[in-house]
Amino acid sequence: MTDTTAAARAQALLDRLNRALADRDFAAASRLFADECYWRDLVLLTWNIKTLEGQEQIADMLAAQLDAAAPVHLSLDERETVEEADGVVSAWIVAETRHARGGGHVRIRDGRIWTLLTTAQELKGHEEPLGTRRPMGAEHGIRRGRQTWQERRQQEAGELGREKQPFVLVIGGGQGGIALGARLRQLGVSHIVIDRQARPGDQWRNRYKSLCLHDPVWYDHLPYLPFPDNWPVFAPKDKIGDWLEMYTRVMEVNYWPSTNCLNARFDEDRQEWEVTVERGGETLVLRPKHVVFATGMSGKANVPKIRGQDVFLGEQQHSSQHHGPDSYAGKKVVVIGANNSAHDICAALWEHGADVTMVQRSSTHIVRSDSLMEIGLGDLYSERAVAGGMTTKKADLTFASLPYRIMADFQVPVYDRIRERDAEFYRQLEATGFMLDFGDDGSGLFMKYLRRASGYYIDVGACDLVIDGSIKLQAGKEISHLSENAVVLEDGTELPADLVVYATGYGSMNGWVADLISQEVADKVGKVWGLGSDTTKDPGPWEGEQRNMWKPTQQEALWFHGGNLHQSRHYSLYLALQLKARQEGLPVQVYGLQQVHHLR
Ligand SMILES: Cc1cc2nc3c(=O)[nH]c(=O)nc-3n(C[C@H](O)[C@H](O)[C@H](O)COP(=O)(O)OP(=O)(O)OC[C@H]3O[C@@H](n4cnc5c(N)ncnc54)[C@H](O)[C@@H]3O)c2cc1C
């Protein structure tokens, strides 16, 4: 509801903040924040992805950054309404510094700022050629020897990586690398995205046959080019593959398929990378200034070492190697693991007449897709949200506006509602012996994803097969060994198997750094992903942001990009802006470079 009083109060508070910033009075500025307060900055002031918690951290950041960033100005976004509910005034803002324009969001409680989000959306003087700045395409008039658009593209493609080195090399051309490539193209950052697979989209095509996205279409759009209105809610994997391939082409991403990165080394003297790649049988050395690892959080397979793996006579596959159920009708399959992939794979195998057993070693968070869509995502990412005027950008920024420290508090009631709504379902599931959890603190799916990117299944039907016994379940049991023809559990239970699928997840992305650069550099940058929440698989100390993602790392000129489609879309902007600023030689001053607390 529009409330002019609330708007006036919010603007008055921002005016006082602007004055304190102009006066370089950091103490006064920080006192405009509540005792419990958060300032999340995406590149605008910190040239980092950083949440400051508490007045002291805010004052420290301002003291360090303000000279470089000034003049800084925040004001209400006049296109948006200011809302007041439960004693909190919420408002969209526009923000400007010396180098960038952006926006954000503020929540005000008892007259002081509780949460503030500031984001860079464009660099001054380096705005994207969009809207009124879009290229003409046709050059009207007559000029001898001019090149067509296509000829220019061909020339660029011919020179890049040979006569001209890219400023940025993106290793990995899945959805992450492709979205980043599109942003770099728009920003005029010289780049190549390489992938060892033959076609953009093969990352999805090569996954198991039954896979459909678990997240709905409204959550999944790529930058610049949203899916059309007839796009399925949960896109089948091959459709996503085709979309990525089309997108790569029309967004003019400089994409080298069938190109394997063999190794990379940072040349301190020349301040550039030396990256050896094999492209269609030819070995090339590329010399980019920056390297982005977009090699996928779900790329480095975790396969547990189990005694007897060399003795077992049947097939063994990691879930990423399992293409589908077709050849397993009538066969006995043991799937180790009980998360998304395990459930999807078990269900598809059962549909094709296999005898399937799922081995659950630790508890899993289960949320039914319908409930998640309605209660968890519906306000931001749904047809209902779109009908109510919600845009993808606004939804992304709303999500970003909640500091991670308090996000779990907002999620707990959501999952309490889901638990209540689906109480009978959960009761039946637990009655089978299935070990269920809602995260260490009851905060459910998103927090588990942000903290550890594992440990959940969005139920699209497989749970019913567990409940009615169609998928056999062995829960809470460790595996002793594999015999020639069975998986043997520690309690002596033998599970005869023709195929064992290890749906056991993936390792940290810095494992790729160890493989391609060195263990030393992998240790220098440390673990990738997680918040330091001190919950299962996300050890403390608290870090406030996801480790190493989309921001400067301890290794100069080395970056990580990835995540789900929502994150790839949203955070590719901030990563691209950071790279653009460096290409243009802007005086980038990074605040609060993250410390390394865990190696992997
Ligand atoms: C089964 C499954 C279901 C998922 N469902 C969803 C979902 O519904 N919604 C969602 O948003 N996310 C989902 N995800 C998570 C995530 O979005 C996907 O894993 C997605 O593919 C990640 O994109 P990416 O670009 O970060 O990495 P990837 O798609 O894994 O791409 C990484 C690329 O790097 C390449 N590469 C690696 N090493 C090299 C090298 N040395 N040289 C050259 N290339 C290299 C690989 O070939 C690969 O193509 C799912 C993941 C899995 C495994």
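When we sort residues by class, Ala, Val, Leu, Ile, Met, Phe, Trp, Tyr, Cys and Pro count as nonpolar, Asp, Glu, Lys and Arg as charged, and the others, Gly among them, as polar. Keep that in mind as we walk through this predicted model.

Let's start with the ligand. It is surrounded by 29 residues, and the closest are Gly172, Gly174, Gly176, Gly296 and Asn564. Two elements give two or more residues to this shell: helix H5 (175-187) and strand E11 (259-267). H5 supplies the largest share, 3 residues. Sorted by class, the shell around the ligand has 17 polar, 8 nonpolar and 4 charged residues.

Now follow H5 to a partner, helix H19 (residues 565-583). The axes of these two helices come within 9 Å and cross at roughly 40°, which makes H5 oblique to H19. Their crossing is right-handed. On the H5 side, the residues that meet H19 include Ala179, Leu180 and Leu184; on the H19 side, Leu573, Ala576 and Leu579 are among those that meet H5. By class, this contact has 9 nonpolar, 4 polar and 3 charged residues.

Finally, zoom out to the whole protein. It is divided into domain 1 (6-123), domain 2 (155-299 + 507-583) and domain 3 (315-502). The C-alpha centres of domain 1 and domain 3 lie 39 Å apart, and 9 residues of domain 1 are in contact with 6 residues of domain 3. On domain 1's side, strands E1 (33-42), E2 (49-53) and E7 (112-123) are the elements that give two or more residues. That side has 3 nonpolar, 4 polar and 2 charged residues.

Key: Residues numbered from 1 in each chain as written. Predicted model: local features only at pLDDT ≥ 70, side-chain atom pairs only at ≥ 80, totals over all residues. Domains from an automatic or database assignment. Contact = placed C-beta atoms within 7 Å. Helix = DSSP H or I, 4+ residues; strand = E, 2+ residues; numbered from the N terminus. Near = placed C-beta within 6 Å. Axes fitted to C-alpha atoms, helices over the stretch in contact; angles between N-to-C directions. Parallel < 35°, antiparallel > 145°, perpendicular 65-115°, else oblique. Left-handed = near helix turned anticlockwise from the far one by under 90°.
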